[in-house]
Structure formats: structure tokens, C-alpha cells
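Here is a short briefing for a reader who is new to this structure. Look over the sequence and the model, then read on by topic.

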Amino acid sequence: MSSQQVEPIDDRASEYHIIDTDFHLQISGEDLLPYMENETIRAKCEEFGFPSMMSSGFNMSYAFGRDENPEETHGSAVTSDEISEVMKELDVDEAIVQPSNFLPMPSTKYPEIKTAVARAYNDYLMEKVVDADRGIYGGLVVPDWNVEAGLGELDRYGVDRAIVAAQNWCPGYHMVTSAKNDPLHQRVVDLDLNWVLHGQGAKGDPTSRIEEQKQTFTEMAVTSHMWWAADFIVHGVTHGLFDKFPDLNFVLNEAGLLHLPAIAYRMDEYYQVAPHDISLTKRKLESGEEYLDRLPSEYVWDHFYVGTQPINLARNKGENAAQLTALHASETFVFSTDWPHSTMDIPTWVFDNPNIDEDLRERIFHENAEEILRLPS
Amino acid sequence: MPTHEIGTIQEFPEGRGTKVEVSGIEMAVFNIDGDLYGIANTCPHKRYPLHRIGEPLRLSKARGDADQRDRKVRGLIDTESCSIQCEWHMMEFDLETGTNEPTGLMAATFDVYNDDGVVKVDL
């Protein structure tokens, strides 16, 4: 790390205990090569590079007006020492480290390579990054495209005190909430973990005609994360995930906030008038149950937490207050920065919102995260 | 209009911002080729501070980034257009008017000047 003196950005934050649920680790594929066990895979990746992510063809520099990589706008830190310095600058006391956008596994081909990369990432994470004594924790990457491999990762590192959550993506290609992943959900619950999911980056399906018509960053950033989160939440609820696993919960990072009430109550609307196909979902066929145990909205508020970045509440004070209430902010918000990406947040907004009182501030900064994450005591 | 002394010119290095508080007002002062510009140290977008614009980015030594010759800086200072880009989300503000052209959002600007080596601001 550079020899720059650490100067906290906002003095007010020093008075609070702050947990960041979305701190990115910017390692590249090359960093993982030494950890890749399969010689064939390692040799191919070393010689020819890693599989590329499916690209929707956006050039973010057009939108931002500067030529840079928006995944590294705010710097770089790849070791526990470097991460610790950044945390001091942000006045973050504990951070949950997640892969940066180089690792949106669900959207790439070559499942064996993806599995090897996920495994190597976890090895790197445990060896060079996490440090529970300094509040640097890991979201353990758990492959869902290969359930056996995912179980293997949970077996390898799931009990480590520096692992506080199972990590996956809120994707457009696989539903982690699918019944095929129930062995993973069971193991996550058995380990007293929950899931932390991150969007796959603001990328759309390049084969979609709808996506083909989008050409602005605003279109991409608004719709991709949010729509994927909506798909994910609705799928999990209506396929009985939380009836089977009532202790399972999700943190959705960078997935948006404002659509939660819409999802919750729109589900109630349609479920109440047309619930009779719930019994055809795999979990309900196995259990013999016909319907959900509760109204869909109840699952939303009980089982989902949202990383607050990017915070985008209304500027109008009255509307802002209504949003916080409608979003059940005191139960759902977990503070997140998204460091070092170009859309990151710092703790300042939690102080400057006149509708956030001391109690809500504590809930957002750390109390909700302490409920959902298996943090070391 | 009261005039406040806020430091010597040496305390306001070229090519970056410097945080100053005057009469309860926190501002960022930018030195662009010797010309001084004061702007409220609160980006109108999300009210995050502006004063670190121009500072070197915190880069990883382990990754070799810290040794790059073209070391990156926080945000951007455009000396030709006399504008800054906020380090947080890259919104651009004219240092003369404090305005972000695409949105009309505006940060207050202040008349900061060098008076024979003493930097002053009129409030």
C-alpha cells in the first residue's frame, strides 16, 4: 500500500461501529493461477487467459466521460494490510470481502474452469485476505452450477470464523433459489450461515432483443440488478424455499432497494387470487403441501436484507420518510460501500438524512448485519 | 463583505483540492495553475466531500499498482475547462459557476484569491 496517511473521510463515522457488507477484492485471474490445482485447467488459463464474461457491449466510458475502469475508480487493495488501511479511511470497522466483477461466474462458459476458479478464489481469500481479528471477513464463494463442488467449498471453509456468509450472485442465468440447490441451502443453514448475493455486474443478456435496444448506462444500471433481484426474490418465495428452510436468509448487495415493496405486495395480489400452481413446484410436490405457509410479502420482509449501496432515496423529506417506512429500513437495510467501484457510497448519507434517527442509524450501520451474518463473537 | 485569511499560498498545492473551514462553511479550494477557486465541500449529488480531488489514489503495492508512472488520482481536475469531477461518482462541476451542466445541480462557489502570498476568501 502507498505510504499515504490514513485520513477518515467523515469524522462522524468514527463514533459508530460500521459493518460494510460489500467490499470488493480486486484480484485477477492471474493471481489465482498458483492456487489452481488441475494442471490442464491452470495451463490453459495461464497460456490463453480466462474465459471472458458475456458482454452486453456497453462502453461505460461513454457515459462517465472519462476513460477508466469503473471497477477500480477508488483504488486497489488486495491484501489484509491494504484492505485494513482502506477500512480505516472509510471508517468501516468490519468488512465482508466479495469478489470483484472479474468473477461473475454464472455468466461464463466452461463450468470446470469456473469451479476451479471459485475454489482457487476461496484458497486465496483464506490465505491472503481474511483476518477475523481485524474485522476482515470473507463471503465464501459457493458454486451453484456444480452443487457437489459447492458443498465441497462449504466443507472446506464453512466453519472458519473468518467466513461469515455463503457468497453467490443474484444472476440472470441461474436461480440460486432453485430446488436443485437445496443441498447447498441445507448445508448453509447447518453451518449457521446465510447467503450474501451480489449482482453479476450491470450486464444484460446480449441475445435479448430488449437488451439490444438499450444503449445508455442508465438503462443498464437501473434494470439489470433490480430485475434480477426481482426474479430471484419472487422465485424463491413462490417455490417454497422459505417454507422448507425457515432459517435461511439473503443479503442482496447492489440489487436496489425501492422495488422491494412493489415485489412484496404485487406477489400478494397475484398469489391470493391464483395460488393453485404452487403445489406444482418441486418443493411442494415433495412435501405434499398445496400452498405457501404465509403471504409472500411476509417472506420478503423476514428473509431478505438489502445492501444500501447505491443509496438513492428521494430528496424530498416527506417522500424520503415514506420510503424508509415502506422499505422496512430498520429491519432490512445493511450498510454497504461497494468499494472500489464507481458507484460506491460512504457513511455520510446515513448522517445527512434527516429521517434517519439514532436508532435507525445503528440498525443500518451494524445491528442488522449482526443479525444476518455469522460474525465472530 | 468580510474577508477571511485562510492560509498561505504554499498551503494550497497546485492540481488538487484543500479543505478549509471559514465561518462554519466548509469549502474545497482548488489551485489551478496559480488561480484559486473555492467550492462548497459537499457534492450536490450525495453530499460527499470534494476536497480530495487531485490526490493520488490509494493503490495496491502488492498488485504493483502503486508503482505505476501514470499514477491515478481521485476524481479529475480539468485545467482547460476549469472544472472538477467529483471523485465519488464523477459528476463534473464548473469551478466558476459551481454548476453541473447535464443536471443543473449546483454547488456554492466562493471568491478565493492570492493576495501577495496570503490566500483570502470573501464571504
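A patch is made of residues with over 30% relative accessible area and no salt bridge; like charges are joined within 9 Å, and nonpolar side chains (Val, Leu, Ile, Met, Phe, Trp, Tyr) within 5 Å. This is a predicted model, where local features need pLDDT of at least 70 and side-chain atom pairs count only at pLDDT 80 or more, while totals for chains, interfaces and linings use all residues. Residues are numbered from 1 along each chain as its sequence is written, chains are lettered from A and ligands numbered from 1 in the order in which they are written, and side-chain values use heavy atoms, with hydrogens and water left out.

**Surface charge**

- A patch of negative charge on the surface brings together A:Glu7, A:Asp11, A:Glu15, B:Glu21 and B:Glu26.
- Lys and Arg count as positive and Asp and Glu as negative; His and the chain ends are not counted.
- The place of a charge is taken as NZ of Lys, CZ of Arg, CG of Asp or CD of Glu.
- Accessible areas come from the Shrake-Rupley method with a 1.4 Å probe; for residues, only the protein chains shown count as cover.
- A:Asp11 sits in the segment before β1 (19-25) of chain A. Helices (H or I, at least four residues) and strands (E, at least two) are DSSP runs, numbered from the N terminus.
- A:Asp11 counts as exposed because its relative accessibility is 59%. Buried means under 20% relative accessible area, exposed over 50%, and partly exposed in between (1.4 Å probe, protein chains only).

**The sheet of chain A**

- Eight strands of chain A form an open, parallel sheet in the order β1-β2-β3-β4-β5-β6-β7-β8. Its edge strands are β1 and β8 (333-334) of chain A, each pairing on one side only.
- Two strands pair if DSSP finds at least two bridges between them.
- β1(A) is mostly covered, with seven of its seven residues buried.
- β1(A) runs parallel to strand β2 (residues 94-99) of chain A, and five bridges join them. Here A:Leu25 stands opposite A:Pro99.
- Strand β5 (residues 195-199) of chain A and strand β6 (residues 250-253) of chain A also run parallel, joined by four bridges. A:Val196 has A:Val251 in β6(A) as its bridge partner.

**Strands of chain B**

- Strand β4 (residues 35-40) of chain B is largely enclosed by the rest of the structure, because five of its six residues are buried.
- β4(B) pairs with strand β3 (residues 25-32) of chain B in the antiparallel sense, over six bridges. B:Asn31 stands opposite B:Leu36 in β4(B).
- The hairpin of β3(B) and β4(B) has two residues between the strands, and B:Asp33 takes a positive phi near 50° there.
- β4(B) also pairs with strand β8 (residues 109-115) of chain B, antiparallel and over two bridges. In that pairing, B:Gly38 has B:Phe110 as its bridge partner.

**Salt bridges**

- A salt bridge is a side-chain nitrogen of Lys or Arg within 4 Å of a carboxyl oxygen of Asp or Glu. By this rule, there are 33 salt bridges over all chains.
- A:Asp10 and A:Arg12 form a salt bridge, with their closest N and O atoms 2.9 Å apart. A:Asp10 is buried, at a relative accessible area of 9%, whereas A:Arg12 is partly exposed at 34%.
- A:Asp123 and A:Arg156 meet in a salt bridge of 2.8 Å, N to O. This pair links distant parts of the chain: A:Asp123 is in helix α5 (residues 111-129) of chain A and A:Arg156 in helix α6 (residues 147-157) of chain A, 33 residues apart.
- A:Arg283 and A:Asp182 form another, with the closest N and O atoms 2.7 Å apart. Helix α12 (residues 282-287) of chain A holds A:Arg283, helix α7 (residues 182-190) of chain A holds A:Asp182, and the two residues are 101 residues apart.
- A:Arg283 is buried at 5% relative accessible area, and A:Asp182 is buried at 6%.
- A network of salt bridges links A:Glu85, A:Glu89, B:Arg52, B:Glu55, B:Arg58, B:Arg74 and B:Glu87.
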